[in-house]
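Visitor: I would like to learn how to read a few features of a structure. Please take them one at a time.

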Amino acid sequence: MPVLSDELRERIRAEFPKYPDKRAVTLPALHIVHDAYREVTPAAMVEIAELLELHPSEVSDTMTFYQFFKEEGHALGKHRVWVCRSISCMLRGSEELLLKLSERTGVKPGHNSADGKFTLEFAECLGACEGAPCMLVDEDCHMNLDDESAAKLIEQL
Amino acid sequence: MPKFEPVLLARIHEPASAALAGYRTDGGYETFKKTLAMEPDAITALVKDAGLRGRGGAGFSAGLKWTFLPKNHPGPIYLCVNADESEPGTFNNRILMELDPHQLLEGIAITCHAIRSHTAYIYLRYEYGKCYRMLDAAIRECYAAGLLGKNIQGSGFDLDVYLHRGAGAYICGEETGLIESLEGKRAWPRIKPPFPAIEGLFRKPTIVNNVETLCCVKHILERGVDWFKSIGVPPAPNNPRDQGSFGPKLYCISGHVNQPGCVELPLGVTARELIDEHAGGVWKGRKAKAVVPGGISMGFLSADELDTPLDFAGPLKAGCLGLGTAAVVVVDDQTSMVDVLYNCCRFMSHESCGQCTPCREGTAWMTKILTRVRSGAGKLEDLDLLYEVAASMGIIPGTTICGLSDGAAWPVKNAIKKFRGEFEDYITSGRRSITPADELMAVH
């Protein structure tokens, strides 16, 4: 029984015409699989490698370089919350914000909430420095946060 | 001085500024259509004559870079758009992509015609979700309107533009790291030469340009070389190597100011003018202690260097690495430079790709030494040690493949030189500034 669904395989194959070389589809394929399954297991890596005509170790080598992707046993929660800790946000209190958020939710950075609803992480510069401190919730960046507004965003997930 | 009228940011306050309809009402894509009738080399010559220097950090002449492509190459030739904006403090490209994506696409289209490329990849950092959505929609609009695809506007010119999302690695902003990443590998920068113009993406001739640089291309072709050169700072007459700093520039201002934001000004505005006139001054009535002139890898200006003009030459004269991304970060006089420097070192250590030993080990050790200092166990000798490590890593001492390492070393060198007294006081007073948040993040 394959790990990757037909639908995911189709989406990966749809990337092929954009590049002269299937290996270039490694990151797009990892994103597609990671988005759907919240982690990339060794079995999934083997199947991605088959589709891309690579050795599984080549997929693994690339994947593990980018700390973005979660390995087996470290699956993301339903939502991903990143608090920026780089200079502009740090100067405006983002580290305290992360600490408060962690205390309030009982979730340590790099871990999931008990109900699996979200993963809390810190991020390096999110590129929203004019709205420091900022936080990325899945694909949307929220700016000018304080303890209350940040906690509210998580409650609404 | 008359108020400068923004060009790159001219449209961002319009309603639906990202939509094709409004862009075309404002004359959008007319310049591209005009340039389709031009000889590609004539476009390159104009961009070179305008003195457009890359906005991504290195400040290399964009037109000159294009001339490095081999002549009469059978192709393919690729354009990679560097949209991996990750330098701390920098967000100008995000604003350009979110609010006026067609301006960038027109710049890409003109550039591809000039360099005889029929495929452009926009390498976009993953964290820019809104940029992805706006660009994706804009690209679709262009295909539907016959502005991208085969035989564009009956000219015989074909162009495909693809969006490629990164996965959270700062090193992908280095042009050969970006190329490796796009090819599906770890983003390890390549040894140069060969430079990408000779052998780049998929081993083919490749030009890598920053988002803001490509947006400038559109305006140079629309308004002319003289217009571009009427803005900014001409070369110093006594320095034959100075190429000048022409054109408008997006400055990002963040940190301890009242009104952080992105402003477009002629190159050469001083740090003081930016803070006082364009960012509402330092917050809480305080004074600036240090100012990052162009992203943390450029180092620091001290409080008595705030009249430094932020053109390509100014920060260098003040001992900084360069103008970088022109991202200005203000640190107020109540903040410890030890904590600020630690933040910079931690970032660089986290983002070092690990390929070159001096960078991988150097960034980690500088972070460890500063952790020791911040935990109250620092020694005065640590300052010389920090400086020694910083001085031995990077392209400038000749020990690494790429410039990330120089960018990791520079804030350390600047901080120890310009703020040594503060570091000494911190150590001798037995201060300790490690916080519970530091401990929380250290476990991860």
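Predicted model: local features only at pLDDT ≥ 70, side-chain atom pairs only at ≥ 80, totals over all residues.

Visitor: At what angle do the axes of α3(A) and α4(A) cross?

Guide: Two packed helices are described by the angle and the distance between their axes. Here the axes of α3 (residues 42-52) of chain A and α4(A) cross at roughly 115 degrees and come within 8 Å. Angles of 65 to 115 degrees count as roughly perpendicular, which makes α3(A) roughly perpendicular to α4(A). The crossing of the two is right-handed.

Visitor: Which residues make that contact?

Guide: α3(A) contributes A:M45, A:V46, A:I48 and A:A49, while α4(A) contributes A:P56, A:E58, A:V59, A:S60 and A:M63. By class, the residues of this contact are 7 nonpolar, 1 polar and 1 charged.

Visitor: What is the strand order of the sheet in chain B?

Guide: Strands of a sheet pair through backbone hydrogen bonds, in parallel or antiparallel fashion. The 5 strands in chain B run in the order β8-β7-β11-β9-β10, forming an open sheet with mixed pairing. Its edge strands, β8 (261-266) and β10 (301-302) of chain B, each pair on one side only. β10(B) pairs with β9 (residues 288-292) of chain B in the antiparallel sense, over 2 bridges. B:V291 stands opposite B:L301 in β10(B).

Visitor: How many residues does each chain bring to the contact between chains A and B?

Guide: Chain A brings 42 residues and chain B 48 residues. On the chain A side, α2 (26-37), α4 (56-65), α5 (87-91) and α6 (94-105) each give two or more residues. α6(A) gives the most, with 5 residues. That side divides into 21 nonpolar, 9 polar and 12 charged residues.

Methods: Residues numbered from 1 in each chain as written. Chains lettered and ligands numbered in written order. Pairing = 2+ DSSP bridges. Helix = DSSP H or I, 4+ residues; strand = E, 2+ residues; numbered from the N terminus. Contact = placed C-beta atoms within 7 Å. Nonpolar A, V, L, I, M, F, W, Y, C, P; charged D, E, K, R; others polar. Axes fitted to C-alpha atoms, helices over the stretch in contact; angles between N-to-C directions. Parallel < 35°, antiparallel > 145°, perpendicular 65-115°, else oblique. Left-handed = near helix turned anticlockwise from the far one by under 90°.
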